[in-house]
Amino acid sequence: MASDLFQVSENTAFAKPMLHPEQPKLIVLEGIDLSGRTTQVQLLHDWLAAQNYHVTTTAWRTSPLISDLLARARTGPPLQPLTYSLLFCADHMDRTQRVIKPALERGEIVLADRYTYTAFARDAARGLDPTWVRNLYHFSVQPDVVFYLHISPEEAVKRRLALQQQRQNTAGVETENPGKTAQDAQERKQHKPKPKEQAQPALATTVQLSGEALESFRNFEKRMYSEYQQMQKEFGFSVIEGDRSIDHVQAMLRRAITQLLLNIG
Amino acid sequence: MPAEIHTQVDSSSPLIPHTYPGRLIAAEGLDGSGKSTQLQLLQFWLQAEGYEVLITQWTSSKLIKRALKAGKKQGNMDPMLLSILQAADFAELHERNIVPGLQRGAIVLADRYVYTALARNFARGVDRSWIEEIYRFAVRPDLGIYFQISADQSLDRILSNHPRLKYYQAGIDLGLNRDPTASFREFQQRIIHEYETMANAFALLRLDATLPIKQQQRFLRAAVEKILPGD
């Protein structure tokens, strides 16, 4: 035993992470749209799994019970910001109970692609009372670390347009269900009175953004950005510059996570 | 001194008074306590007096019904999750119908309001301060009425209309009792206890819902008259 331990400690941190095998950790990645969270979570997952860690990933809006409900909500008339807020909370709650807590109890590492801070930022950007929203999520598990992938709103817009261009080039034809998109846009117009509602970006889709829609995307990212900047201190985020290369960002994350798993720093 | 007591009641209420031109009247009580009948009678009367009247009902929307059904099927609907889904439904009703109605100057008659959710959530053991804080988005009614009947009376009235008790209505999700009727009694008993507590804390007007319909209506009109705008 003792010799094993000794050997391990002689190695580099990357070689034998099994030094602390049964150590549940909740690791959160946050950031505005297109900050690269999902890519980085995937890479971290593979890296940790390759070292025999048991890893569970969880992402926003993926609870079987609620994601379906949220998808259906999108086809109907837009719901009130308050309603969306509560439904997203239901999604988070369901995942907390069915995914996050059980995995932690099994001693696993949980990687969360977005967490409560996403709700704090979005709901505040849509005009809801921040204190109210924080109370809503008080059942949540406290993360061991929150990495904030920091990119500017302008960078998000740049990436959004690049993505659009790229899809256009590869697909040749825009197969993105244009009828639905037009319908969405129309619905949004019909419900104009509330300015909060206009600012819903078409997340993770390749819907063409131009003119007014692009402006609305930019404004929403700006608001999200300013919320994240404010939360940075409140919750002690670990800031990682997200405008560097994927590999560089990944290396920074791995270094910080290694320290966390070895209980240093 | 009475003023002081009144302030105390106000500060303990989780709801904030509104400043809209309309009036909000909330009817609370067990299923079968006669709320709907009385609200309808109030509506006829108020409309004849020239008011715009809006009756709202708190029923599960199509949106959450599927989730509730799934929870029922799996038999593991978590009380907190249930409470959040119901709050989402209520938020939509509140923002889309109730507040706009009050803004227009309508008399809004709410067939069940926040107190229903609180009573049921408390009865399911959901954290009190958490759920109370969530419902703070709702405006405080100008008049809240608690229709008092016993669990047995509620049961008799429900069963005379429907052959069967509903899953969540009978609190079967809580696993209190395998027999739906017994479960219903136990669950409703808890709800009554919560209503009673809230009737005191939030100054709900108690109405003996076993009295003849006409007599109840007379009592209600007298109470409503006091809070009508412009008189």
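R134(A) lies over the face of F120(A), at 4.7 Å from the ring centre; a charge sits over a ring if NZ of Lys or CZ of Arg is within 6 Å of the ring centre and within 35 degrees of the ring normal. The model is predicted, so local features need pLDDT of at least 70 and side-chain atom pairs count only at pLDDT 80 or more, while totals for chains, interfaces and linings use all residues. Residues are numbered from 1 along each chain as its sequence is written, chains are lettered from A and ligands numbered from 1 in the order in which they are written, and side-chain values use heavy atoms, with hydrogens and water left out.

F120(A) also forms an edge-to-face aromatic pair with Y117(A), with 5.8 Å between centres and 90° between planes. Here, rings of Phe, Tyr and Trp (its six-membered ring) pair if their centres lie within 6.5 Å; planes under 30 degrees apart count as stacked, over 60 as edge-to-face and the rest as tilted. Y117(A) is buried at 4% relative accessible area, and F120(A) is buried at 6% (buried means under 20%, exposed over 50%, partly exposed in between; 1.4 Å probe, protein chains only).

What of chain B? An open sheet of five parallel strands has the order β3-β4-β2-β6-β7 in chain B. Strands are DSSP runs of E, at least two residues, numbered from the N terminus, and two of them pair if DSSP finds at least two bridges between them. In chain B, β3 and β7 stand at the edges with a single partner strand each, so one side of each has no neighbour in the sheet.

Key:
Helices (H or I, at least four residues) and strands (E, at least two) are DSSP runs, numbered from the N terminus.
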